[in-house]
Amino acid sequence: MPEEKKSSVDEVLKREKLAKDFEKEKRVSEQKAIEQAASKLSSQSQVVTETSKSSKFITNIDIVFSQAKSDLRYYFLNDGNYADEFKRMFVENEAIFKRYGITSQKYMEYIRESFDRYKKIHDMMPLDPMKPKHFKYVEDSISELIRMFNQRFGK
């Protein structure tokens with residue numbers, strides 16, 4: 001008598017349920033991060049400077065940074081004032097980034113990749129803290145990215 005084959009329908013249904021639960025949990029955590037960033041922005045009494053023309057990007061970058069601070073891949077943002085410096089660089093160059101389609105998420109990924117590249121070149125451990133020399137490398141890397149965009153695509 002041939003063996004009965006198990007139906008994979010149960011497994012597929014379980015996977016679909018887990019995927020839906022994961023997406024729901026992801027949306028909830030993103031909503032919490034958005035609310036956290038919004039409350040942080042509203043609690044600050046600083047006047048918006050002239051350089052921040054579009055509050056959409058400021059809000060978006062704040063949201064991305066608040067989400068990134070809880071992500072282990074961006075652990076170095078919790079050290080010192082590096083997060084504020086990276087935000088400042090994004091705000092100063094947001095027109096250029098917008099022109100070339102670099103979103104705040106892509107900007108964050110580029111920062112992480114640049115720091116990872118530095119760690120790999122200098123044989124550092126994966127979770128070594130960012131130091132001023134490392135920050136300077138990432139800052140120069142971002143400046144070089146902007147320069148290359150302007151050179152390749154013109155101003």
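Is the crossing of helix 3 and helix 5 right-handed or left-handed? The views below take that up along with other close-ups. This is a predicted model, in which local features need pLDDT of at least 70, side-chain atom pairs count only at pLDDT 80 or more, and totals for chains, interfaces and linings use all residues. Residues are numbered from 1 along each chain as its sequence is written, and side-chain values use heavy atoms, with hydrogens and water left out.

**View A. Helix 3 crosses helix 5 in a right-handed way.** Helices here are DSSP runs (H or I, at least four residues), numbered from the N terminus. A crossing is right-handed if the near helix is turned clockwise from the far one by less than a right angle, and left-handed if anticlockwise. The axes of this pair come within 12 Å and cross at roughly 130 degrees. That makes helix 3 oblique to helix 5. (Axes are lines fitted to C-alpha atoms over the stretch in contact, with angles from 0 to 180 degrees between N-to-C directions; under 35 degrees counts as roughly parallel, over 145 as roughly antiparallel, 65 to 115 as roughly perpendicular and the rest as oblique.) Look for Phe86, Met89 and Phe90 of helix 3 meeting Ser104, Tyr107 and Ile111 of helix 5, where contact means heavy atoms within 4.5 Å. Five of these residues are nonpolar, one is polar and none is charged. (Ala, Val, Leu, Ile, Met, Phe, Trp, Tyr, Cys and Pro count as nonpolar, Asp, Glu, Lys and Arg as charged, and the others, Gly among them, as polar.)

**View B. Helix 3 (residues 82-92) meets helix 6 (residues 132-153).** Their axes come within 12 Å and cross at roughly 15 degrees, and the two helices are therefore roughly parallel. Helix 3 passes helix 6 in a right-handed crossing. On the helix 3 side you can find Tyr82, Glu85, Phe86, Arg88 and Met89, and on the helix 6 side Pro132, Phe135, Val138, Glu139 and Ile142. Seven of the contact residues are nonpolar, none is polar and three are charged.

View C. Among the contact residues are Tyr107, Tyr110 and Ile111 of helix 5, and Lys133, His134 and Tyr137 of helix 6. By class, this contact has ten nonpolar, three polar and two charged residues.
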